[in-house]
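Here is a colleague's note for someone opening this entry for the first time. Please keep the structure in view while going through the points.

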Amino acid sequence: MHARHRKRKNFIGKLISGDRICTSHKDKASVIDDYYENLLGICTAKEHTINLADLGINAQDMSELDLPFTEDEVWRTIQQLPSDKAPRPDGYTGCFYKSCWTIIKEDIMVAISAVWSRKMVNFEALNSAYITLLPKKEGAEQPKDFRPISLVHSFAKLVTKLLANRLAPRLQQIVSPYQSAFIKGRFIQDNFMLVQQTARFLHQQKQPRILLKLDISKAFDSVSWPFLPEILQQLGFGQIWRDIISGLLSSSSTQVLLNGIPGDRIAHRRGLRQGDPLSPMLFILVMDVLGHMILKAENEGLLQPLSRRSLHHIISIYVDDVVMFLHPEAGDCRQNIVGSPPRGIPRW
């Protein structure tokens, strides 16, 4: 009964595209595939660049991330996989890897060694994904009204899980304090308390100030691929790591499930997958550049001080949710609203 209820609730009976109402599966699939082809399958030209070193983004020693993967490390990662989550395009769950490890470990280690050696010819066969659509609201009728959930191929997810486990302990030292998501020891409550206390303090000063909430549209899907390697290189990531990330991105593809039926294959040309354990970490590295840009503008006097007292908390970031404080004057507003960021940083 529960399964039938979920199926009825998530069933897409019609879609609206412009002035058309599509009810047949073929027409609905065409609308969905066109929407995600435009979102994920089109490469955006990089028209600008950012001097990351001038923003104060310094390189770290990340050489240990380039070490070969060991069998013990892979097995520990497999043990962390959820046993019974929804099947990926290959149909294998974490339970399969755990139960059959003694049988499949030799083949798995050969494949992982090939990824580490950047021999990724035909890797796209192991780096596919399904997108299942969940309605964001009652009466969802347009593609944008559905939340895309990626079901990534089990082997590709294992590789990204290995990379994520290595990167996670280093995030604390390479991501600025303004960002608190996906970092051990930082919590969303930190952002809430920061914004709340700053707002109270400024209110007590009885001076007009603006609390600006930025809403980044399709934040994960709008990340420009050419920009990501620039950030990784500036942070000190080695060539092996950067090559693996580039290989994972360039070989990724998606099929959108419409009422359980896969659509056409969409080769990715931009964006990061939601549902991939590494993607949130890569995304906050991209978003951290925005925090450094705001700090740079404040230090160079492009943004006025919020108070006569020392008050440096001008921005708070949790994943793609950004809150800023600024003066209600044309100069400050122009720096934050009219002056859009260079391409590669998600636009708001």
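1. Helices H9 and H11 are roughly perpendicular to each other. This is a predicted model. H9 covers residues 227-235, and H11 covers residues 279-299. Their axes come within 10 Å and cross at roughly 85°.

2. Which residues of H9 and H11 make the contact? From H9 come Phe-227, Leu-228, Ile-231, Leu-232 and Leu-235. From H11 come Leu-282, Leu-285, Val-286 and Val-289. By class, the contact of H9 with H11 holds nine nonpolar residues, no polar ones and no charged ones.

3. Next, the sheet. Three strands form an open sheet in the order E5-E10-E9, and the pairing is antiparallel. E5 (210-215) and E9 (315-318) are the edge strands. Each has a single partner strand, so one side of each is left without a neighbour in the sheet. From one strand to the next, the twist averages 15°.

4. Two helices pack on this sheet. H8, residues 188-204, touches E5, E9 and E10. The direction of H8 makes about 155° with that of E9. H11 touches E9 and E10, and its direction makes about 180° with that of E9.

5. Now the pairing in detail. E10 spans residues 321-326 and pairs with E5 over six bridges, in the antiparallel sense. Ile-210 has Leu-326 in E10 as its bridge partner. E9 and E10 also pair in the antiparallel sense, over four bridges. Here Ser-316 stands opposite Val-323 in E10.

6. E9 and E10 form a hairpin, with two residues between them. Val-319, in the turn, has a positive phi of about 55°.

7. Two further residues deserve a look for their phi values. Lys-218 has a phi near 50°, positive in a residue other than glycine. Lys-218 lies in the loop between E5 and H9. Its relative accessible area is 24%, so Lys-218 is partly exposed. Asn-259 has a phi near 55°, again positive in a residue other than glycine. Asn-259 sits in the loop between E6 and E7 (261-262). With a relative accessible area of 29%, Asn-259 is partly exposed.

8. Ser-252 is a loop residue, placed between H10 (239-250) and E6 (253-258). Is Ser-252 buried or exposed? Ser-252 has 4% relative accessibility, so it counts as buried. Beyond its neighbours within four places in sequence, Ser-252 is in contact with Asn-127, Trp-225, Ile-266, Ala-267, His-268 and Arg-273. Val-289, a member of the H9 contact on the H11 side, is 37 residues from Ser-252 in sequence. In space, C-alpha to C-alpha, Ser-252 and Val-289 are 25 Å apart.

9. Last, confidence. The protein averages a pLDDT of 87, and 94% of the residues score at least 70. Residues 338-348 stay under 50 in pLDDT. For this stretch, the model has 36 contacts beyond four places in sequence. Where pLDDT is low, the predicted coordinates should not be read in detail.

Conventions: Residues numbered from 1 in each chain as written. Predicted model: local features only at pLDDT ≥ 70, side-chain atom pairs only at ≥ 80, totals over all residues. Heavy atoms only, no water. pLDDT = per-residue confidence, 0-100. Contact = heavy atoms within 4.5 Å. Axes fitted to C-alpha atoms, helices over the stretch in contact; angles between N-to-C directions. Parallel < 35°, antiparallel > 145°, perpendicular 65-115°, else oblique. Nonpolar A, V, L, I, M, F, W, Y, C, P; charged D, E, K, R; others polar. Pairing = 2+ DSSP bridges. Buried < 20%, exposed > 50% of the residue type's maximum accessible area, 1.4 Å probe, protein only.
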